[in-house]
Amino acid sequence: MLKGLDPLLSPELLFTLRAMGHGDEIAIVDGNYPGVEHARRLIRLDGHHLIPVLNAVLSVLPIDDFVPEAIFRSTVKAERDKLDPVHEEMIDCCARHEPHRPVVPLVGPDFYGRVKAAHAVIQTSEPRLYANIILRKGVIYPKEPGTPSAAGVDPFVY
């Protein structure tokens with residue numbers, strides 16, 4: 001356990017999020033998603049639903065603001081604009097962390113292709129169908145000179 005971190009952020013997941021670079025993507029998928037087949041790196045969070053995992057990841061992951069679209073969700077079949085309750089929950093969760101970033105729907109093949117290219121996939125036990133989302137990592141901007149870090153130590157002064 002660590003202070004200030006959601007306990008859903010396992011050591012493997014924290015390592016993966018930290019290892020990702022700007023522009024890398026991570027998918028969080030439901031229990032029915034073919035994660036083993038689609039993932040370059042698969043992180044299993046069995047027993048957990050998607051929304052708490054999404055909330056935990058967004059609590060530490062900056063979202064890319066260099067591009068107009070950085071958060072993507074799967075769709076109900078080919079119905080791009082149909083929102084199931086889980087999609088509304090995903091959009092609400094993202095809005096709490098990234099209020100100015102849209103959640104863009106991607107139809108089946110486009111979504112699957114993007115997951116296959118992602119840095120990693122987090123497989124949840126979410127039972128609801130089409131409960132899948134992709135997040136594109138952004139950057140942490142440097143503080144203004146002379147502004148102390150949250151830890152009170154400047155990591156770049158030796």
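Buried means under 20% relative accessible area, exposed means over 50%, and partly exposed lies in between (1.4 Å probe, protein chains only). Helices (H or I, at least four residues) and strands (E, at least two) are DSSP runs, numbered from the N terminus. The structure shown is a predicted model, in which local features need pLDDT of at least 70 and side-chain atom pairs count only at pLDDT 80 or more, while totals for chains, interfaces and linings use all residues. Residues are numbered from 1 along each chain as its sequence is written, and side-chain values use heavy atoms, with hydrogens and water left out.

**View A. The buried and exposed sides of helix 1 (residues 11–19).** The buried residues of this helix are Leu13, Thr16 and Leu17. An α-helix has 3.6 residues a turn, so residues three or four places apart point the same way. The buried residues of helix 1 pack against strand 1 (25–29), strand 2 (42–45), helix 3 and strand 5, where contact means heavy atoms within 4.5 Å.

**View B. The largest nonpolar core and its two residues with the most contacts to other members, Val57 and Leu135.** A nonpolar core is a set of buried Ala, Val, Leu, Ile, Met, Phe, Trp, Tyr and Cys residues joined through side-chain atoms within 4.5 Å. Leaving aside residues up to four places away in sequence, Leu135 touches a set of residues including Ile26, Ile28, Leu54, Val57 and Ile71. A second, separate core of 11 residues includes Val29, Ala39, Phe111 and Val121.

**View C. The salt bridge between Asp64 and Arg136.** A salt bridge is a side-chain nitrogen of Lys or Arg within 4 Å of a carboxyl oxygen of Asp or Glu, and a search of the whole structure finds six of them. In the one between Asp64 and Arg136, the closest N and O atoms are 2.6 Å apart. Asp64 lies in the loop between helix 3 (50–58) and strand 3 (71–74), whereas Arg136 lies in strand 6 (residues 133–136), so the pair ties together parts that are 72 residues apart in sequence. Asp64 counts as buried, at 0% relative accessibility. Both residues belong to a network of salt bridges that links Glu25, Asp64, Arg114 and Arg136.

**View D. Arg128 and its salt bridges with Glu89 and Glu126.** The side chains of Arg128 and Glu89 meet in a salt bridge at 2.9 Å, N to O. Arg128 sits in the loop between strand 5 (120–124) and strand 6, and Glu89 in helix 4 (residues 85–97), so this pair ties together parts that are 39 residues apart in sequence. Arg128 is partly exposed, with a relative accessible area of 29%, and Glu89 is also partly exposed, at 33%. In the salt bridge of Arg128 with Glu126, the closest N and O atoms are 2.8 Å apart, and Glu126 is buried, with a relative accessible area of 1%.
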